[in-house]
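Okay, thanks for coming, everyone.

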Amino acid sequence: MSAPARSNYSVAIVGAGIIGLYTAYHLARAGTGPILVVDRGFLSSGASGRNGGGVRQQWETRATLRLARESVAAYRRFGREFGYNIWFRQSGYLFLAETDAELARLRPVHDLVRSEGLDSRVLDADGVRRLVDGIAPGAAVGGTYLGTDGTLYPFPALWGLYEAVRALDVEVALGVEVLGVTTADGRVTGLATSRGPVTASRVVNAAGGWSGDLSRAAGLDVPNHATRHEILATEPMKPFLDPMVVRPSDGLYFSQTMRGEIVGGLTLPHAPGTGGGMSSSAAFLPRMAASLSRLVPRLGSLGVLRAWSGYYDDTPDGFPIIGEDLRCPGFFHANGFGGHGFMLAPSATRRIARAVMGEATDLDPGLFGPGRFTGAARPAAVERLQLG
Amino acid sequence: MVEPSRSRFWFEGRSHDAEPGRTVLDRLLRHGLPSLQRSPRYHRPRAPFCGIGQCTGCLVRVNGRPNVRACRYVPGEGDRVETENAWPSRRFDLLAAFDVMFPNGIDTLHGFRRPAFMTPLYHRVIRRLAGYGQPPSRESATELRGPPRVGSADVLIVGAGRSGRVAAEALVAEGRHPILLDRRADVAPVAGADVWASTTASFLPPRPSTPGAAFDLIGYTEPARGVLVRAPQVIVATGSYDASLLFGSNDRPGVLTGDGALGFARSGSPAPFHHAVVFGAGDRARVVLDELGDHVSALVAPGEIPPETVRVASAAGIPLYPRSLLCTTEGRSRVRAVEIRARGNGSSTRLECDAVVLVHRRLPNGQLFFQAGARMNWRAGTGSYYPVVGDDGATSVPGLWAIGSASGTVGAASVGSGERVAAAVTGGSLPLSPLERVRSDGSNELEGYYRELVRIPRRGRWIACPCEDVLLEEIEQTTRAGYRGVEVVKRYSGLGTGLCQGRYCLPDALLLLSIAEGRPPSEVGYITQRPPVHPTPIAALAALDGVLTPAEGT
C-alpha cells in the first residue's frame, strides 16, 4: 500500500486497470500536470487481470469496429512501445453458427466488417472443421471468421503501462480505496480516499465493474451494472487451436493461449452487482465443461486447472460511456466497457484523454456520451455483440 | 493347471505386467526411479518427486489422455502409456539445449519483441515449445464418458487418514452414516460408513444462502467419472504433505519429498535409492530413519537436531549435520552428491548420495477451506495458512469442520480432533481442553535459513516453481522491478500457475518475498486458492451438468 505522495493533482483516475493506466499514459504524454491513479487492489486484481485476452474487430456497429481496429494497430506495436511482449497473436476470431438462421444473423456483421475493408469470411461446416480440430460433427453449420482478430496476454500489457506511466511521473497508488468524490458548487474538487483527501479538479471514473457504484456515490444516476462472469483454464498442451472460438447461442468462448492452456468461459445468469465475490459458482464448471466437450469432444480428457471470475461493467445499449458528465463538471466517465475494456482500451482511452483535456473527440455523443441515458430519447443504436 | 491370464500395459514399446491396485509408477519403480519426462521450459530431466499425485514429476500420456499422473493411475489390460514433452526421447532430448543456451532463463516478458516481422515465427516456435503434452486424442475422451457418482449424507468427511477415520467411527457410534472420501485407492473400510476410495475432492463451493441448503462437493474418480456429494455438514480432514525446498538444481531426479520416499518404499518395490541425504530432523525425519535407515547416508538439518533424532540416527551410524544450508545438488540425470554449508558462513561439505529426502516441514492441504469461504490465519510454526478453528473443529463457516493436520493439530491431537468433531456435529458435548496445534507466533525456521541461503554464491538452476520452470532469479527480478505481493509476482513470473496449484512453490516463495520486501510473510499475501484442488477432467465435470443445476443457488 502506498499513500498518495501529494495532495493536489491535475487529474485523479480511479482504477489502475487497462483503461485507467492507458488514460494516464495518454494524459501524461500530453503533459497535463500531476496525475494520480488510485486503485484499492493490486495491479491486475480486477477485470484487466481476469479476462481471456481476446481482441476482435467484428462488431455490429461501425463506431465500435473502428475503435477496435485502431486498438489492434496499437497492440501490434505495444511490445516496441512499452518494452513488454504481450504476445499479441493475430490468429483470428471464429463466430460459430449452429443453424442456418444463426448464420444469417451473423451476416450483417460480416457485411459491415467487409465494408470497412477487413477480410471477413463466411465459412461452411468444412471451413469451421479446418479451424477447430476435432469439432463434433454437426456442431456448426458454418461461421464467420476474421483472421486479423487475435488474442494477447493481458498481464504484460499492465506491467508495460504501469512502468511507462511511472516513468512519466504518474503516481500509481495501489491498495488505496476511494471512498467518494468530493464536490463544491456541483463541480468536482477531488477524492476522499482511505489514505486521506486528494484534491483534483478532474476525476476519471475507470473503476470497471465498480464504476456504477462510484458514479452513484457521486450523486450521478447512471445505468451501469456489474455482472459476474466466470472463466477457466485447462492444463497446458501443445498447440492445436489457433483462433478464438465464440458460440453466440450460449455465449461460449475459448482459445488456446501461448502457454498452451485452453482459456474460456460462457454466459451464466448471475444476479447483477458486485456482491458475488470473485470466486467460482457450483454451476459454472459443469456447465462450461459440458458446453466445451459437446463442441470439441476430445477435450473431455483434458484437466481443468483453475477457474475464476470477474466483473463486466455493462450498459443498456452495449456502448461504453466516455466523456464528461455535465451534471457534475470535472467528472469523466471511462467505463461501461461490458467486458471489452482490453479490446478497446488503446483507442478509447485516447479519446478519454482528449475529453479530459477539454478537446473535442470524434466519438458520437449519441452513442458514447454520458448524456445519452437522460431524457426520453431512445438509444441511437445498440451494440449487441457482447461476447468473447 | 491354467495360470490366470495377466493383464499387461504398454510403455515405450514394451509390455509390463499390470496388477490390481498397483499404479504405473509402482510397476516402473521395479527398475529404479524412472525419469519420465522433461521440464516445460528448459527440458531438464524430471523424475517422480512427491509420489502422492501433486507434483508434475511423473506425468505420462495414457491412451491418448495427456498429463496423467503415473503415481495415481492403475493400468488395465492393453493401456498404452507414453512419455510427454521430450524429443526424440525422455533419455535424450535435443531440446535440453535450452538449458545450456539460456543460463539466465528465457525471458518471454521482454524478449522476442524485435524485429516486428519475426513476430509470427516467434509465436509459432514458442507455442510449440510450451505445453506439457500433445492434445488429447479423439478417442481418449469417448472412453471417459459415463454417468456421475452422486450421493448424499448427513455428514461428509473428506480424507480417510487418521483423524478422518476416527471421526467416521465416532459418528457411526452416534448412529450416523457418513460418506468418507479419499484420493487413495487402498482405503480400508469403516464399518457403518460409506467409503469412496480413489475419489478426489476438487471443489467445495460456499453453501448457498437459501435456508436448508447443503454443501455440494464436486470431485472425480479415476479415470474420469464425475462425483457429487451433497451434505449439510462437511468435515475436512485432508491432512498435510511434505514441502519442497529451494536450492541449486533442486529439481534433479533423486530429490524426493518424504511422501515420495516413504510411499515408494512402502509400495513393496525395491527402494529407489541406496544412500540418501535426509533434510530435516523432526518427527517426519525419524519416520524416514525408522523405515529407510539402511538407505540413509547422512542427515542434514536447517537448525539444531532434537535429542530423539540424534539417538535414532546415532544408533544407525548416520552422520549428522545440524545448522546447515543445503546448497546444491550435483549429478547429471540423477543426484550424485549434495553440497552443504554450515550456517553462519561456515565451511562447505560435499556429501555423496543418490537421493535427497525432504522432511523439514509439513504443510496443510487447506484448499477446500479457502474455497468454502472459511476464515484463515497464518501459523508461523510451519509457515502456512490454516482455518480459524475452535476446539470442537468448527470453522467460521457453519456446517464446515476442520480436523487433523489440515486444521493445524500436531501429533496425537489429530485423533482427539476426530473424536471431538463427531460429538460437536451430532450436538453432543465433550469437555474441551485445547488441542496441541502448530505454533502461530514467532517466525518460521526457514525465514532465517533463506536469509542466509539467498546470499551464497549460486551454482546450478534454482527452480522456484518446478511445474513452470520459474527461476529464483525471476522472482528476484520481479521484486527489483517494483512489483510487490505474491499475487502480482505470480502473474508476473508464472510462479504457482502450474499443475501442482502452487503447493510446491508458494510456501517457499512467501518466505522469500517476505525477505525481499522486508515485511512479514502474512503481509505478502496468499495466492487465491482457485478451484479445482486437483486438475479435474472436463468429461467428469461435464457429467455433473444436469445433476447440479436444480440446486444452483448463485
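So, how much area is buried between chain B and chain A? About 5,500 Å², with carbon and sulfur atoms giving 59% of that. By buried area I mean the accessible area, with a 1.4 Å probe, that two parts lose on being put together, summed over both.

Quick housekeeping. This is a predicted model, where local features need pLDDT of at least 70 and side-chain atom pairs count only at pLDDT 80 or more, while totals for chains, interfaces and linings use all residues. Residues are numbered from 1 along each chain as its sequence is written, chains are lettered from A and ligands numbered from 1 in the order in which they are written, and side-chain values use heavy atoms, with hydrogens and water left out.

Back to the interface. Chain B puts 65 residues into the contact and chain A puts in 59, contact being heavy atoms within 4.5 Å. Three residues, B:Arg127, B:Arg491 and B:Ile538, supply 16% of the area that chain B buries against chain A, more than any other three.

How many salt bridges does the rule find across the interface of chain B and chain A? Four, where a salt bridge is a side-chain nitrogen of Lys or Arg within 4 Å of a carboxyl oxygen of Asp or Glu. A:Arg259 forms one with B:Glu468, and their closest N and O atoms are 3.8 Å apart.

The largest share, six residues, comes from H3(B). Helices here are DSSP runs (H or I, at least four residues), strands are too (E, at least two), and both are numbered from the N terminus.

Now, inside chain B. An automatic or database domain assignment divides it into domain 1 (8-142), domain 2 (149-241 + 366-425) and domain 3 (244-360). Over C-alpha atoms, the centres of domain 1 of chain B and domain 2 of chain B are 33 Å apart. Six residues of domain 1 of chain B are in contact with five of domain 2 of chain B, and the area buried between them is about 540 Å². On the domain 1 side, B:Gln54, B:Arg65 and B:Arg72 lose the most area, together 67% of what that side buries. Between these two domains we count zero salt bridges, but three residue pairs in polar contact.

Which way does phi go at B:Ser249, positive or negative? Positive, about 50 degrees, although B:Ser249 is not a glycine. B:Ser249 is buried at 3% relative accessible area, buried meaning under 20% (1.4 Å probe, protein chains only). B:Asp469 also has a positive phi, near 55 degrees, and is buried at 0%. You'll find B:Asp469 in the loop between strand S29 (463-465) and strand S30 (470-471) of chain B.

Terms used:
Polar contact = N/O pair within 3.5 Å; in protein donor to acceptor, adjacent residues only side chain to side chain. Buried < 20%, exposed > 50% of the residue type's maximum accessible area, 1.4 Å probe, protein only.
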